[in-house]
Amino acid sequence: RSWRASLIVALAIPFSLLLALTAMFFLKYTINMMTLFGLIIVVGMVVDNAIVILENITRHREEGERPQEGAIYGASEVAMAVAASTLTTVCIFFPILFVKGITKIFFSQFAVVASIALLGSLFSSLTLTPMLCSVLLSSEQFGATSTNRFSMISEKILVTMENAYAAALGWALSHKKAVIGVSVLLFGSSLMMIPRLGSEFMPKEDRNSIRGTVYMPVGVRVEKTAEVMQKIGEILREEILPHERLATFTRCGTSRGMGAVMQNEASHIGSFSVRLVTPDKRKRSDQQIAAALRDRLQQIQREMDIDRFSIETTDMMGGMILGGERPLTVNILGDDIEETDRLAAEIAEIARATPGAVDISISREKARPEIHLALDRAKASQMGLKVYPVGKAARAAFYGAEAGKYRIHGDEYDILVRFREADRNDPQDVGDMPLRLPAGHIVRANNVGEIRRESGPVQIDRKDQTRVVNVTGDVYGRALGAVTADIKKKIASLNVPPGVDIVMAGQSEEIRESFFWLILSLVVGALLVYMVMASQFESLLDPFVVMFSVPFALTGTIWALWLRGYHINVVVFLGLLLLVGTVVNNAIVLVDYIGILRQRGLPMAHAVRKAGATRLRPVLMTALTTIVALIPMAFSKGQGAEVWNPLGTTVVAGLLVATAVTLILVPTMYSIFASRFKAIPQLTRKEHTA
């Protein structure tokens, strides 16, 4: 209700963020999604310390103290609580620096940037905030002395809230069993919801693109594949409305550029891609559009003799970061090709029958028909022919050889020379291919060799020095963890021969590894939070009581994720890590002041009610600043929203529920434990007066 006070608090934001940016410069960090996440998360948190200190200074000023005295005593009274609350938030990020795998790559910079900004806010709140309060608030009118009509009305409202909260605490202290019972019921009901959430590695982001690959039967000519891709191109333009797409692209066959390296190419393989407009300009997500295309391709699959197809919405580089495997991947490891092929076919059928699994395919293709020119080496040697020139001549005749460049208006085109179509349209044309001898004579290829039709492997995959065949697919409409669990249960009943191993890979492997390290970080972080509070309170009981606020952060998160249809993923775990260090802050402020009042000789019930009424404003302000700052992250739409929405939702919902429960449960639990196990040292008359 004061622009001067608001300015003092707001100055903590630029100071903390500039300190974080300076640290990023020296650490050689870039501005990327993770460092920006760290800055966004702390925007609402860096003001918490300044709010608590300014509010306490304001209370001292309302009691009649001079500006400098009010600043000194008000800041020093809550300095320990402010330092403890900040250190608890910072230490929760510490275990992230020691995790392994892709989790560390994603979140280590996030943890460092957020920690530096929070430490900067602690420094500014203990130094800059009291100094500014003594200067800018020297002539300010406080509480009942203010003549501002808005201040008078709002003061009455806040006082009414404080009185109501004090009365609620009085009721809670008289009905402790009811408070504990309701809390246990609330927490238990949320735990029962966890199996319904499902799990995934990362939220699927709408990248404005759809990619697909179509496999015809092995050996199909490229002309037939081109006809199918032309039909698919028409479907793309029909199914995806003009205002939803920017461009469509189809191709088939082989190339000599980077495409041959980045993806599978052959005469029987075609691919397509669609570039979509941004999510805010269309009603359907990329997942919904991909599902519609998948239905259309299934309708023409038998008619067009399509062997299989896959449609993906992730970008190619994103898949390479995760090892190049699709989200749903089962590795069948073994050197026995027949047995591994049999198991791959059975697992593929299991996957196709599992709800939520789509685009199921087997990586090992059937043998590709080939035409072999087997030279009679003795005869070829007598004629002066060598194998390499013959192979080079065959490639030039049927695929083409670059003869030069055609340049026009600054553009450059390759000139490929090969046989006319009539001379390369039949397998017999290979035998009729002319070969020039060193002496200058021309002979046909079938005069120096035998033309045979054979089959050869398309490719041989290996993993851990063992032959592997993969059953791959994607998921739609269900969480990856739930689909993987269903498939894994059915695979357990298969007859697996000795020497063959079946391993769930893909993103399910990343989920297992990342969740293990994040759960370990959560446990270690909670222990560090407890240790920091124990050192600050110089007590084991007070931090134990404060930790009762942590489980209800999980309660708020679970219900919010279920209501919004999100799954548990590494981003949600990151939000939970942040909550463990954040939700205890309000409880620290409450418990610390209850202890101060108890030392001043107040009875337990009176101390709890007075501490609650006195600390209600800073608790609500610190919670609301963090919640309001994260509302855009939780609810905004745009590029990348699928990733940051679960993070914002986790922190907002967890902090909201934990704060509401903390205001009632923590004082109640403190009164129970402190009355039985804690002796309060009484202050001397001189200390009490001070």
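**Close-up views of a predicted model**

Cys91 is buried, at a relative accessible area of 11%. Buried stands for under 20% relative accessible area, exposed for over 50%, and partly exposed for what lies in between (1.4 Å probe, protein chains only). This is a predicted model, in which local features need pLDDT of at least 70, side-chain atom pairs count only at pLDDT 80 or more, and totals for chains, interfaces and linings use all residues. Residues are numbered from 1 along each chain as its sequence is written, and side-chain values use heavy atoms, with hydrogens and water left out.

View 1. Cys91 is the buried one shown here, at 11%. Cys252 is partly exposed, with a relative accessible area of 24%. Zero disulfides turn up in a search of the whole structure. The criterion is a pair of cysteine sulfur atoms within 2.5 Å.

View 2. H2 covers residues 12-27. Helices (H or I, at least four residues) and strands (E, at least two) are DSSP runs, numbered from the N terminus. The 16 residues of H2 should span 22 Å at 1.5 Å a residue, and the end C-alpha atoms are 22 Å apart, which agrees. The expected span is 1.5 Å times one less than the number of residues. Ala12, Ser16, Leu17, Ala20, Ala23 and Met24 are the buried residues of H2. They take up an arc of only 120° around the axis, so they sit on the same side of H2. The arc is taken from the directions from the helix axis to the C-beta atoms. Leu18, Phe25 and Phe26 are exposed on the other side of H2. Cover for the buried residues of H2 includes helices H1 (3-10), H3 (33-43), H4 (46-62) and H6 (102-136). Contact here means heavy atoms within 4.5 Å. Lys28 follows H2 and has a positive phi, near 65°.

**View 3. Helix H18 and what covers it.** H18 (residues 480-491) has 12 residues. From first C-alpha to last it reaches 16 Å, close to the 16 Å expected at 1.5 Å a residue. Leu480, Val483, Thr484, Ile487 and Ile491 are buried in H18. Down the axis of H18 the buried residues fall within an arc of 95°, so they line one face of the helix. An α-helix has 3.6 residues a turn, so residues three or four places apart point the same way. Strands E5 (328-333), E6 (357-362), E14 (466-475) and E15 (501-506) are among the elements that cover the buried residues of H18. Helices H14 (337-352) and H19 (507-537) also belong to that cover.

**View 4. Nonpolar cores.** The largest nonpolar core has 140 residues. Such a core is a set of buried Ala, Val, Leu, Ile, Met, Phe, Trp, Tyr and Cys residues joined through side-chain atoms within 4.5 Å. Ile41, Phe93 and Val584 have the most contacts inside the largest core. Helix H22 (residues 570-599) gives the most to this core, with 21 residues. Beyond its neighbours within four places in sequence, Val584 is in contact with Thr88, Val529, Met533, Val546, Met547, Ser549 and Val550. Another core, of 22 residues, lies apart from the largest one, and Ala290, Ile300, Met304 and Ile311 are among its members.

View 5. Arg221 is in the loop between strand E1 (209-215) and helix H10 (222-239). At 45% relative accessibility, Arg221 counts as partly exposed. The side chain of Arg221 makes a polar contact with the side chain of Asn425 (3.1 Å). A polar contact is a pair of N or O atoms within 3.5 Å; within protein, one must be able to donate a hydrogen and the other to accept it, and residues adjacent in sequence count only if both atoms are side-chain atoms. Glu244 is in the loop between H10 and strand E2 (245-253). Glu244 is buried, at 3%. Its side chain makes a polar contact with that of Arg284 (2.8 Å).

View 6. Leu616 belongs to helix H23 (residues 604-635) and is buried at 5% relative accessibility. Leu616 and Tyr165 are 451 residues apart along the chain, yet their C-alpha atoms are separated by 8.1 Å. Not counting residues up to four places away in sequence, Leu616 touches Met161, Glu162, Tyr165 and Leu663. Thr659 lies in helix H24 (residues 641-677) and counts as buried at 9% relative accessibility. With the same exclusion of residues up to four places away, Thr659 touches Asn586, Val619 and Ala623.
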